[in-house]
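Please consult the sequence and the coordinates alongside the text.

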Amino acid sequence: EFLYVISHSSSHQLFEGLKAYPGDHKRLRLFRPMLNIKHMYKEKLLECIRRLVEIDQDWVSNADLYIRPTFISTEPSLGVKKPAHALLYVIMCLLGPYFDNKTGVLALWADPPKYTRAWKGGTGDCKMGGNYGCSLSAQYEAVDYGCQQVLWLHGEDHQITEAGTMNIFLHWINEHGDEELATPPQDDIILPGVTRQKFEVTERYLTMSQLFSALKQQRVKEMFGSGTACMIRPTGRIIRER
């Protein structure tokens with residue numbers, strides 16, 4: 001037996017996510033790989049991932065394959081500094097239903113202001129571990145309310161930002177009477193998703209008061225989230241603590 005010890009100072013960590021789908025003759029095909037690993041893109045890394053998928057594809061039947069390139073510092077000391085040593089590796093796993101509800105329709109818990117996932121000038125637009133670790137307390141609270149994800153709000157006017165790890169979209173009749181597919185703009189607190197590139201959208205700030213007003217006036221056609229792992233998931237209800 002061998003014991004492997006990794007010195008990890010945790011000051012630097014970055015990851016990406018992409019998927020491979022079974023195609024003809026059950027051959028796996030990477031979906032938009034250069035876009036999905038944009039922040040970590042290196043031609044040699046992508047070639048290594050392609051080769052790894054090729055080797056392991058006999059283990060995959062009709063399921064999707066999730067691929068996570070990960071980069072962490074392995075500096076053998078404590079401290080916040082630029083690391084001299086780092087480790088780049090890739091995790092892969094078969095991907096089943098992302099959420100544990102049978103219908104796939106999500107319930108979102110609109111968090112009170114005590115929780116903040118990201119902030120202006122921060123790293124909310126990057127796939128970094130710190131963006132996810134700070135969301136766990138709110139996520140557990142959402143589950144206590146019978147919800148699958150947190151609807152993250154920002155600012156005093158409770159701007160809608162993201163649904164858990166998903167970009168959020170609102171298909172509605174807006175205040176001017178126009179049919180619109182709207183989504184919050186990709187600023188410092190929004191993770192720029194790749195799945196969203198399928199849609200023609202209006203990027204605009206949306207608040208909870210605007211959403212509730214539209215719901216009351218029956219102007220909401222659909223609300224849904226999108227992400228690499230979870231794909232597209234409709235929203236069935238929103239629970240808000242008052």
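A residue is called buried when its relative accessible area is under 20%, exposed when over 50%, and partly exposed in between. By that criterion, Phe169 and Phe224 are both buried. The model is a predicted one.

**Aromatic pairs**

- Five aromatic pairs are present in the structure.
- One of them joins Tyr21 and Phe31 edge-to-face, with 5.9 Å centre to centre and 85° between the planes.
- Tyr21 belongs to strand 2 (residues 18-22) and Phe31 to the loop between strand 3 (28-30) and helix 1 (33-36), so this pair ties together parts that are 10 residues apart in sequence.
- Tyr21 has 21% relative accessibility and therefore counts as partly exposed; Phe31, at 26%, also counts as partly exposed.
- Phe169 and Phe224 form a stacked pair, with 5.1 Å centre to centre and 15° between the planes.
- Because Phe169 lies in strand 9 (residues 166-173) and Phe224 in strand 12 (residues 220-227), the pair ties together parts that are 55 residues apart in sequence.
- Trp109, Tyr115 and Tyr145 are linked into a cluster by ring pairs.

**Helix 4**

- Helix 4 spans residues 136-144, and its buried residues are Ala138, Glu141 and Ala142.
- Viewed down the helix axis, the buried residues of helix 4 fall within an arc of 105°, so they line one face of the helix.
- Tyr140 and Asp144 are exposed on the face of helix 4 turned away from the buried side.
- The cover over the buried residues of helix 4 includes strand 6 (106-110) and strand 7 (149-154).
- After helix 4 comes Gly146, with a positive phi near 80°.

Definitions and conventions: Residues are numbered from 1 along each chain as its sequence is written. This is a predicted model: local features need pLDDT of at least 70, side-chain atom pairs count only at pLDDT 80 or more; totals for chains, interfaces and linings use all residues. Side-chain values use heavy atoms; hydrogens and water are left out. Buried means under 20% relative accessible area, exposed over 50%, partly exposed in between (1.4 Å probe, protein chains only). Helices (H or I, at least four residues) and strands (E, at least two) are DSSP runs, numbered from the N terminus. The arc is that of the directions from the helix axis to the C-beta atoms. Contact means heavy atoms within 4.5 Å. Rings of Phe, Tyr and Trp (its six-membered ring) pair if their centres lie within 6.5 Å; planes under 30 degrees apart count as stacked, over 60 as edge-to-face and the rest as tilted.
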